[in-house]
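Look at the structure below and follow the text with the chains in view.

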Amino acid sequence: MIEMHHIYKNYGNDVVVLKDLNLVIDRGEFIFIVGSSGAGKSTLLKLLLREIIPTRGSIKIFGRDIMRIKRRQIPFFRRNIGMVFQDFRLLSDRDVFENVAFALRVTGVPAKEIRKRVPLSLELVGIKDKASKRPDELSGGEQQRVCVARAIVNRPAVIIADEPTGNLDPNTSMGIMNLFQEINVRGTTVIIATHAKELVNHFQKRVVVLEGGRLISDQERGVYINAH
Amino acid sequence: MHIRSLFYFLGEALKSVVRHGWMSIASIAVVAITLLILGCFMVLNYNVTSLAEDIKEQVQIVVYVDKNAGEEARDELQSKLVAHPELEEVRFVTKEEAMERLKKQMGDRAYLLDGYTEDDDNPLRDSYEIRTKIPENIPQVAEEVGKYPGVGYVDYGKGIVEPLFQFTGVVRWIGMFFMVGMAVTAIFLIAHTIRLTVYIRRREIQIMKYVGATDWFIRWPFIFEGLILGLFGAILPVILIQCSYQAAAEWTQENIYFVSLISPQLIGTEVAQLLVPLGVVLGILGSTLSVRKFLKV
């Protein structure tokens, strides 16, 4: 589903962020991308969202060469990807229902459909009873669940999470990771960039390790290893 | 655009104006105050220009008919004046009429003229009072007309008229200069304020981009919002100027009757015609340009 071959990404002439990266991710996989800050994790995610394009190499997502996606097609491309952020990025002036509905509204889903799908999504992440609360009335874990609900509400093929547990305590983090696993079981590909060593080791999933812009390890049922 | 989308965008824009209440009030206030200053200046400028024009239009050329000119020569002079392309008004004043005016001007001492009123004793001359289409052309036209046969001499207040025209010209230019300056300032202030309302919502725009909203889907509510803020920001000063000018005009009419201000209806229309489109366009432009910056995600 995602194929990256010989990817290089430079900023300017000197700053090399990714070097000769090769990565193939299949439909339905659950994959951790780990590495210290500056290892290139964020850049990799940005490439997958077509926020940036590689300096060299080819990326195919859903069978499409992302270099060939025109600017005005990007929104339609992104509707296949659900994004979860470390800082949740919820709109503080709207309630939980509206925050999730937002993702459907902007893609032109009719109101009737929205009323049906948002509660389903909230139920799946376990916060159906918080629909009318505002984000600041929720705990960090609950806020992240809203963010996950928003990411899955339009049934994307892939969920990409950037440090989803970075702002959460260990117990809550475990809950969120379990949630991702549940989503994965339902058939959605899940890609998680993270620092959380214990969690990665606990889940025994595929682990890709980046170090200084290079892919140094890619293991099924892997563990978080440090290059140092 | 789909009609359903139009309502959605309008609804979103209205919700956003309410949701960001203080920011909206601040934006409307900035737009209103800026346009109010611009509008006041406009009213002042219009009136000063109109007064200057009034004074200018009162300047006329008096063409005195040569004493020795016969009936025929006078007729020819009249037809030449009437045919002159630059003249707007040609009025014949007989010397009897001129004597009557003089008497009126002298008032109580009109008896001094008693010996001169009879036809043959009247020292005054028949004359033509003429006005040019463009007051500034008076000196030229006077010189030209002075050479016509049958003309005794020509008077137009030489030496007074030229500085007067110069003064009204300067007044007009200063007015224009400040108007343009004010308008440019208004554009910057308003565009920046609207930009601020967009800036505090850059996060929202970013999220929209991540969940797959098209650029136009993001833009439209901002466009409507800019329109709403600009419109309200313009209507307020228009109403305020209209009301206060009405009062000012009435007061002036009662107390300083020799000054005639431009009619409130005319000012109201002129001000509205400038400020409302300006507010709306600036609102829309300000928000559209500001959104563009955050769409590059």
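A residue is called buried when its relative accessible area is under 20%, and exposed when that value is over 50%. The model shown here is predicted, and every value below is computed from it.

Begin with Thr188(A), which is found in the loop between α6 (170-185) and β8 (189-194) of chain A. Is Thr188(A) buried or exposed? Its relative accessibility is 14%, so Thr188(A) counts as buried. If its neighbours within four places in sequence are left aside, Thr188(A) is in contact with Glu29(A), Pro156(A), Ala157(A), Val158(A), Ile159(A) and Ile183(A).

Now turn to chain B. Its domain assignment gives domain 1 (3-55 + 163-295) and domain 2 (60-156). The C-alpha centres of these two domains of chain B are 52 Å apart.

Helix α5 of chain B runs over residues 138-146, and its residues Ile138(B), Val141(B), Ala142(B) and Val145(B) are buried. Why do these residues lie on the same side of α5(B)? They cover an arc of only 105° around the axis, and this puts them on the same side of the helix. An α-helix has 3.6 residues a turn, so residues three or four places apart point the same way. On the face of α5(B) turned away from the buried side are the exposed residues Gln140(B) and Glu143(B). What do the buried residues of α5(B) pack against? Their partners in chain B are β1 (61-65), α3 (71-83), β2 (87-93), β3 (127-132), β4 (151-155) and α6 (161-199).

The last part concerns the place where the two chains meet. The size of an interface is often given as the accessible area lost when the parts come together. Between chain B and chain A, the buried area is about 2,000 Å², and carbon and sulfur atoms give 55% of it. Ile207(B), Tyr210(B) and Val211(B) supply 33% of the area that chain B buries against chain A, more than any other three residues. The contact takes 20 residues from chain B and 23 residues from chain A.

Two salt bridges are found across this interface of chain B and chain A. In a salt bridge, the side chains of Arg71(A) and Asp215(B) meet at 2.7 Å, N to O. There are also six residue pairs in polar contact across the interface of chain B and chain A. On the side of chain B that touches chain A, the elements giving two or more residues are α1 (3-19), α7 (202-210) and α8 (215-255) of chain B. Of these, α7(B) gives the most, with seven residues.

Notes:
Residues are numbered from 1 along each chain as its sequence is written. Chains are lettered from A and ligands numbered from 1 in the order in which they are written. This is a predicted model: local features need pLDDT of at least 70, side-chain atom pairs count only at pLDDT 80 or more; totals for chains, interfaces and linings use all residues. Side-chain values use heavy atoms; hydrogens and water are left out. Domain bounds come from an automatic or database domain assignment. Buried means under 20% relative accessible area, exposed over 50%, partly exposed in between (1.4 Å probe, protein chains only). Helices (H or I, at least four residues) and strands (E, at least two) are DSSP runs, numbered from the N terminus. The arc is that of the directions from the helix axis to the C-beta atoms. Contact means heavy atoms within 4.5 Å. Buried area is the accessible area (1.4 Å probe) that two parts lose on being put together, summed over both. A salt bridge is a side-chain nitrogen of Lys or Arg within 4 Å of a carboxyl oxygen of Asp or Glu. A polar contact is a pair of N or O atoms within 3.5 Å; within protein, one must be able to donate a hydrogen and the other to accept it, and residues adjacent in sequence count only if both atoms are side-chain atoms.
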